[in-house]
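Welcome, and thanks for taking a look at this one.

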Amino acid sequence: MDSKASEYQVIVAGAGPCGMAVAIELGLRGIRTLICEPRAFTDYGIAKVNLVNGRSMEHFRRWGIADRHRANDPVPSEVARDLVFSTRANGKILFKAEGAYEWRERMPIASETPEWAPFEAIEKTLRDRIGELDTVTFIEHSKVIDFTQNGDGVEVVYEKDGERITAGGDYFIIANGPHSPQRRKINLRLEGGTLFDNISWRFHAPELKSLFKDTHLCSMTFFLNEDAYGDILVPYGNDYWGYYVSPMPEDIDPMDWSKVREMMFRSVGQRFETSDERGWVWGSHARMTRSFHFGRAFLIGDAAHLTPPFGGFGMNMGVGDAADLGWKLAAMLEGWGGPNLMESYTLERYPVCKFIIEGSAHNNTVWGKAIVRPHMEEDSERGEQIREDIRKFIVEEKTQQFRSHGAQFGYRYAGSPIVMGDGAEPPPMTYGDYVPSSVPGCRAPHVWLGKDDSLYDHFGWGFCLLKLDARADTAPLESAAAAAGLPLKILDLSDRPDVVEQYDRKLTLIRPDQHVAWRGDEAPDDCAYLVDVVRGAASYV
């Protein structure tokens with residue numbers, strides 16, 4: 001590469017949430033990052049994403065934007081952050097999951113709770129943070145056209161105002177979605193299938209919220225009745241609403257608002273005025289590329305994987321990609337990352353994304369017409385019995401969709417080549433349930449140290465050696481880390497029984513992404529080897 005290669009260190013194609021997430025992770029680490037985005041900086045999308053789940057909010061907390069994102073939520077407090085299955089807007093409630101999208105109180109297992117807010121709020125939060133970082137350059141109205149790479153770096157060609165410009169850097173991140181031409185160039189196909197297509201419409205309807213006075217105005221209402229198709233209503237704030245039909249009926253034109261509106265009226269059970277309507281069709285996909293990287297080019301978010309929507313993991317999986325990839329790229333650029341480090345990105349993220357996609361696909365198999373029963377709206381003993389049967393079915397088959405703590409917090413990198421295992425078996429990985437564990441590869445168990453003082457707040461941006469016995473000697477590990485240039489913080493909480501109770505060893509080495517890299521009751525005999533493994537400079541078998 002020519003002298004332009006030093007202009008930026010990382011170039012990102014696409015400033016959707018995942019592209020911005022990785023740019024923030026890199027920018028906060030001092031990495032010079034360029035983002036190319038076709039939209040204007042303040043042109044926020046209105047896609048189907050609404051949920052920043054608990055794990056993603058933990059990353060938002062690291063980036064200093066968790067509370068800011070809550071403040072950006074335009075949905076009024078009168079809308080309960082619950083999930084409801086109802087026969088109609090003015091009908092009978094079949095099931096209510098209180099706090100499904102925002103827990104009423106903080107969770108002991110996590111430093112943050114989920115935040116349900118429209119996509120516009122998510123993008124505003126991330127872009128405002130981007131705008132504060134001198135290390136990140138955001139070029140609006142630009143589009144990546146092509147890129148080349150060799151052993152020394154990358155050159156990216158982007159177009160702005162009709163002019164083609166070449167920018168050089170060390171690494172290239174492809175974050176411009178499932179149709180990315182750059183993904184196609186490196187011949188990585190999104191393999192898998194499409195479960196079915198769906199309809200989304202966004203519209204303005206000031207009177208709609210009054211229809212819920214006899215039921216429950218909440219973040220998401222699923223309608224189940226003999227007229228319904230698997231319909232969902234979501235309040236966006238400022239009297240805007242989202243209407244989703246999943247799967248899409250075969251006998252209706254999804255872009256004919258007059259027909260879709262009549263279907264909505266039948267399902268909701270009442271007519272109302274709408275304006276400023278906008279609709280689109282999208283698929284429920286279960287697809288992944290076989291690798292998330294090729295040379296110096298890396299895929300994140302929808303460019304690497306597509307997951308069915310029920311569970312709310314599409315964007316959140318991409319935020320997880322950004323957290324994993326960001327610290328590793330920084331390690332390489334700062335000089336302490338080893339030659340095997342970047343290979344671990346695919347090796348860690350691929351099985352995690354596969355696990356989440358499979359769980360989300362299951363959620364899609366039990367929905368819509370599969371739950372509807374004849375006579376379910378009757379004011380009779382028979383009708384009540386049918387509704388009770390539906391409640392039981394929802395609890396048994398759908399609870400994991402909106403109580404997905406296992407998929408949010410319980411995934412692990414236990415088979416990673418940069419994690420030093422100790423032979424212990426971690427808890428079973430399930431989509432719905434989460435059991436904290438300090439087994440290497442798992443997310444470090446969380447503890448609240450004070451009112452709003454999270455253990456995670458003290459880990460820092462590098463590696464953290466959590467010391468839970470004052471007599472444990474950390475000097476050999478500190479010396480080995482210093483020799484390799486690995487950033488290491490010693491956190492002595494041996495006087496905190498509540499922390500000691502959550503961890504099974506006197507010493508626990510925690511990675512920059514809050515996952516456990518190693519643990520032991522004393523420093524290993526060969527500390528240099530441990531440091532080399534976790535930074536990707538030595539093979540671990």
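**Cysteines, a glutamate and a helix**

Cys527 has a relative accessibility of 7%, so this cysteine counts as buried, the cut-off being under 20%. Do keep in mind that this is a predicted model.

- Cys527 takes part in no disulfide, and its nearest cysteine sulfur belongs to Cys464, 16 Å away.
- The structure as a whole has zero disulfides.
- Cys18 is likewise in no disulfide; the nearest cysteine sulfur is that of Cys353, at 10 Å.
- With 11% relative accessibility, Cys18 also counts as buried.

**Glu37**
- You will find Glu37 in the loop that runs between strand E2 (33–36) and strand E3 (51–52).
- Glu37 is buried, its relative accessible area being 6%.
- The Glu37 side chain comes to 2.7 Å from the backbone nitrogen of Ala15.
- Leaving aside residues up to four places away in sequence, Glu37 touches Gly14, Ala15 and Gly16, together with Arg127 and the residues Phe138, Ile139, Glu140, His141 and Ser142.

**Helix H2**
- Helix H2 (residues 54–62) is largely enclosed by the rest of the structure, because nine of its nine residues are buried.
- Among these buried residues are Arg55, Glu58, His59, Arg61 and Arg62, as well as Met57 and Phe60.
- At the N-terminal end, Asn53 caps H2, with a side-chain oxygen 3.2 Å from the backbone nitrogen of Arg55.
- After H2 comes Gly64, which has a positive phi, near 75 degrees.

Definitions and conventions:
Residues are numbered from 1 along each chain as its sequence is written. This is a predicted model: local features need pLDDT of at least 70, side-chain atom pairs count only at pLDDT 80 or more; totals for chains, interfaces and linings use all residues. Side-chain values use heavy atoms; hydrogens and water are left out. A disulfide is a pair of cysteine sulfur atoms within 2.5 Å. Buried means under 20% relative accessible area, exposed over 50%, partly exposed in between (1.4 Å probe, protein chains only). Helices (H or I, at least four residues) and strands (E, at least two) are DSSP runs, numbered from the N terminus. A polar contact is a pair of N or O atoms within 3.5 Å; within protein, one must be able to donate a hydrogen and the other to accept it, and residues adjacent in sequence count only if both atoms are side-chain atoms. Contact means heavy atoms within 4.5 Å.
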